[in-house]
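Thank you all for coming; please bring up the sequence and the structure on your screens, and I will take you through a few parts of the fold one after another.

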Amino acid sequence: MGDPILDGVYAELIVTALLEAARSAIHTLRSSHSGSALDSALREDPVIARAVDDAVALLADVEAISPEHGGERLRAFLHSPECRNALVPIFYADRPTPPALATLRSGFASSLAHATGLPLDQVSASAERLYEALLAAARNALHAAIAAEDVAAHEALSHWRHTMLLDAVDNLQRSIALLRRPDLPSHDAIHAYAEEYRVQVAQREGTVVPPHLEGQARRPIDDIYVAPHLQPETTDRVKWAPIVYERFLGDLRRTVVLGDPGGGKTTLTKKIAWDLSGDARPDDASLLPPIAIRVILREYGAEKGPGHSLLLHIEQTASSRYQMPAAPRGTFEYLLRNGLAVVLFDGLDELLETSRRQEVAADIESFVTLFPATPVLVTSRRIGYDEAPLDARRFGTYSLQELDERQVTEYVTKAFTLDSEPMTADSPLVRTFLHESRTVADLRSNPLMLGLMCSLYRGESYIPSNRSEVYEKCAVMLFERWDRQRRISPAVPFESHLRPTMQFLAHWIFSTPALQSGVTRDALVAKTTEYLHGRRFADADDARAAAIGFIDFCKGRAWVFTDTGFDARGEPLFQFTHQTFLEYFTAAYLASIHPTPERLAQAMLPYVARREWYVVMQLAAQLQSRRVADSTDVLLEHLLDATLDEAQRQNVRVFVLDALSFLVPSPGLTKRILAAAVAEEVALVRAGHGLETGVLDLVLRVGPEVRVVAREVVVEELAAAAGDVATLDLALHSLHDAARANADWAAAQLELRTRLAPRLQEAALTDPWIAVDLVLEGMLPVAQLVERFGLAPVFAPRRFRHYIRATNASLISELFIELATEPADRWTLRPVVTDLVAILRATAPPWAERESVDQIGCEMVDHLYDDADADRALSDAWDADARLVAFAVMATLAESMERDFMEASPLLSQDLHTVVERVEQIAWSRPDQSGDLAVDVFGPDDRALVRAWLDGSVRLTY
């Protein structure tokens with residue numbers, strides 16, 4: 001065979017390349033269940049043996065040509081991303097065209113020459129032999145993996161092969177041109193620069209400044225960071241369960257993360273950069289993760305102009321942010337072309353003008369086309385993203401979730417530990433904070449606001465109850481109390497001087513995008529002097545002196561607005577430390593210069609109509625509502641009654657409806673707004689459309705002060721409208737998610753269903769999907785469903801109609817999901833399970849039409865499962881009835897997937913792999929030593945059925 005070390009190298013190389021290709025195709029990093037078995041099989045494969053023999057021959061050639069570039073350098077190359085980048089295109093084409101194959105060969109040879117430091121003509125013959133052997137071996141490995149039911153390998157052939165091949169070949173062509181440039185740095189020089197860059201990134205991004213009172217000391221990010229949950233977003237409005245940070249990081253490919261202000265988007269990019277760049281180094285340098293490149297898009301947008309590309313910006317910021325020497329020409333292009341970097345584009349939303357955001361979004365799309373081997377993450381606020389979205393066909397979208405109660409507790413415990421002795425969730429300070437802040441639970445679910453509230457609570461033992469009050473209190477605290485604790489008195493009080501100055505500067509900076517990456521000291525002095533002269537000081541010199549005093553006050557001390565670095569000329573730059581405070585002070589400025597609701601509404605209207613400055617507009621309205629009595633109705637009515645085109649009117653209606661989450665209009669106006677929203681949703685349903693505007697979601701998010709009115713309006717309007725199946729469907733499902741989270745909406749849901757019960761029962765006589773819903777709500781026995789419609793609606797997913805529940809699964813998948821994800825004492829559907837399994841046991845299979853089986857449930861099960869759920873599912877709570885439900889779900893799904901295996905979508909195929917594993921874990925035990933699957937975990941009434949299904953004599957679908 002050859003060198004035993006290289007034997008292992010090649011087997012591992014091919015498996016690694018195989019899985020890398022599959023990951024690229026399906027945007028997932030799930031590990032293969034057949035990895036070890038496949039590795040063993042490949043070692044015995046004659047094609048692999050020939051590949052290893054050729055590798056040994058090449059090794060001898062390399063050592064003969066240049067001993068110093070011998071086996072270790074070749075071995076490192078075979079493990080490297082550069083080699084994988086040259087091999088990955090194999091997996092996207094059964095038979096590449098001759099030009100494409102020539103490019104693949106040439107790319108492999110050029111990469112090998114660059115990695116070994118040898119001239120191309122000296123390695124080309126050996127590289128050709130090796131590549132041909134690898135090409136045959138990789139194809140053989142791929143088909144062996146498919147035969148071994150490695151679904152990820154199958155998808156490497158079946159999904160997006162043509163597109164991925166074109167991208168990969170194009171990238172290789174550009175890589176070849178780069179590798180043949182005479183001025184390209186050596187392989188060692190590039191990797192040495194990358195490692196130095198990695199160290200600088202770790203030092204810069206591995207720390208954060210927590211928002212606490214005791215100064216601006218930077219702390220290790222892991223001391224305060226709480227890993228978020230991220231929810232995949234889909235275009236069909238099916239709501240999948242969130243995934244944990246670790247899985248998200250594994251899935252990172254072409255990804256957009258949307259979140260709220262202060263929701264942790266920037267900190268997420270810093271955490272990813274730290275995790276990729278930190279101190280945990282593998283022994284083998286070839287296994288190092290890619291370097292992390294953070295691109296702050298407001299800085300790029302401010303500098304964007306002719307000839308300024310993202311690549312150039314990355315090269316320049318290596319010097320300006322990380323104090324690196326200028327990269328040798330071609331270094332970053334090489335890293336990006338060979339998958340040696342991850343690029344984190346932070347803050348698309350911070351480009352305020354829609355046209356500017358669209359330009360930068362287009363730049364990012366061009367970037368990923370030029371560098372297809374490089375994973376990319378883009379962060380943006382949710383509001384306004386639709387005005388400049390990235391191509392949904394190329395980018396997956398995740399929503400950064402608010403902190404849940406467990407995460408809030410973890411954060412509070414860490415925050416209170418920063419400047420004191422270690423605490424736990426049971427420490428008195430933690431417990432009292434959590435208890436007293438429960439009235440503003442929506443605010444504390446935001447990481448930034450939670451951090452500030454912790455600081456506020458430690459200083460004053462008081463939590464404001466209103467969002468704008470929290471911002472205002474934090475601003476006063478950070479400007480005044482911060483210094484008072486150190487017995488430092490500001491030259492002028494906050495209320496009379498600092499607050500209005502800060503508001504003026506915030507509006508100036510916010511409305512001038514070029515300033516958002518930082519304002520120079522000279523520009524800040526000049527603008528502050530302009531504001532103070534004539535307003536606070538009659539003499540220009542006095543105004544300038546006060547302006548300088550203001551800057552000196554902020555420098556290095558005020559957490560809200562402070563010095564953040566230097567420009568290219570070495571001049572200090574000042575900046576709001578978070579976009580949230582920039583927006584708050586901008587809103588306060590607008591509310592102060594437009595003191596009446598009529599004037600403020602007129603000023604807000606252009607922005608609201610275009611869905612720009614969304615948070616600023618919200619805060620401005622809220623600030624005025626607190627300061628001017630009875631202003632809310634006047635402001636909202638002026639917005640609603642403005643003369644606009646239909647698209648602009650829709651934006652205004654959505655804004656006004658959203659405003660009910662933080663404003664309290666009169667009951668009459670509240671009813672008018674809500675009734676119009678519900679009527680709009682009903683009209684869409686009757687026209688055959690789904691929830692295109694999301695207005696009903698906004699209705700259900702109104703603040704507690706208007707919830708009583710909202711509940712009355714929603715119940716009355718939906719009850720009056722519900723007549724046909726479509727509107728009954730809307731009424732039946734529309735309150736589902738809100739009712740699970742809020743007792744008021746749960747009561748409204750019960751009232752609505754009680755009022756509609758006769759109409760629902762009548763509809764259930766002819767509509768199986770209404771009948772399924774009534775079964776799930778305990779309003780119809782499952783026996784009546786089966787008697788009327790047979791077993792078909794038990795296994796088939798409800799059709800996509802006008803309002804979709806948290807899931808759109810079949811009845812039996814809904815049952816399985818509850819069994820798998822809830823403790824036994826919370827199984828609300830237990831009676832349905834009991835009745836259904838009695839019917840199944842009394843009915844000889846097959847039970848379902850294969851084409852109509854709920855394949856959606858397959859993907860849903862994968863998203864809902866994590867290790868804890870699997871452990872729970874395997875607990876003793878799984879009695880015979882529960883196991884039969886699991887078996888019925890998994891077995892019918894497996895059969896339905898097998899029929900059209902080659903055409904199965906990538907997610908479903910990957911999930912089938914997961915489902916098969918879950919069948920083995922949940923429905924029966926692992927194989928015993930004789931190799932037979934044990935079935936004694938089932939009840940005695942079910943064992944014969946399971947055994948017959950396992951040996952193929954019975955199928956559950958037809």
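I will talk about the sheet, then salt bridges, then helix packing, and finally some backbone details.

Before that, a word on what we are looking at: this is a predicted model, in which local features need pLDDT of at least 70 and side-chain atom pairs count only at pLDDT 80 or more, while totals for chains, interfaces and linings use all residues. Residues are numbered from 1 along each chain as its sequence is written, and side-chain values use heavy atoms, with hydrogens and water left out. When I say helix or strand, I mean DSSP runs numbered from the N terminus, with helices being H or I of at least four residues and strands being E of at least two.

Let us begin with the sheet, which is open and has 7 strands in the order β4-β3-β9-β5-β8-β7-β6, with mixed pairing; two strands count as paired if DSSP finds at least two bridges between them. Which strands stand at the edges? They are β4 (243–244) and β6 (291–296), and each has a single partner strand, so one side of each is left without a neighbour in the sheet. If we stay with β6, we find that it runs parallel to strand β7 (residues 341–346) and is joined to β7 by 6 bridges, and that alanine 292 stands opposite valine 342 in β7.

Side chains of opposite charge can pair when their charged atoms come close, and here a salt bridge is a side-chain nitrogen of Lys or Arg within 4 Å of a carboxyl oxygen of Asp or Glu. A search of the whole structure finds 34 salt bridges, and one of them joins the side chains of arginine 294 and glutamate 205, at 3.0 Å from N to O. Arginine 294 lies in strand β6 and glutamate 205 in helix α10 (residues 187–205), so this pair ties together parts that are 89 residues apart in sequence. Are these two residues buried or exposed? Arginine 294 is buried, with a relative accessible area of 6%, and glutamate 205 is buried as well, at 2%, where buried means under 20% relative accessible area, exposed means over 50%, and partly exposed lies in between, using a 1.4 Å probe and protein chains only.

A second salt bridge is formed by glutamate 299 and arginine 321, whose closest N and O atoms are 3.2 Å apart. Glutamate 299 sits in helix α13 (residues 297–303) and arginine 321 in the loop between α14 (310–320) and α15 (331–337), which puts the partners 22 residues apart; arginine 321 is buried, with a relative accessible area of 9%. There is also a network of salt bridges, and it links Arg181, Asp183, Arg329, Glu333 and Arg337.

A further pair, aspartate 658 and arginine 701, has its closest N and O atoms 3.3 Å apart. Aspartate 658 belongs to helix α29, whereas arginine 701 is in the loop between α31 (695–699) and α32 (707–721), 43 residues apart, and aspartate 658 is buried at 8% relative accessible area.

Two packed helices are described by the angle between their axes and the distance between the axes. The axes of α26 (residues 597–610) and α29 (residues 646–659) come within 7 Å and cross at roughly 105°; axes are lines fitted to C-alpha atoms, for helices over the stretch in contact, and angles run from 0 to 180 degrees between N-to-C directions. That makes α26 roughly perpendicular to α29, given that angles under 35 degrees count as roughly parallel, over 145 as roughly antiparallel, 65 to 115 as roughly perpendicular and the rest as oblique. Met604, Leu605, Val608, Ala609 and Arg610 in α26 meet Gln648, Asn651, Val652 and Phe655 in α29, contact meaning heavy atoms within 4.5 Å.

Arginine 611 has a phi near 55°, a positive value in a residue other than glycine, and tryptophan 613, in the loop between α26 and α27, has a phi near 50°. Arginine 611 is buried at 18% relative accessible area, and tryptophan 613 counts as buried at 12%. Elsewhere, the peptide bond from proline 845 to proline 846 is cis, with omega near 5°.
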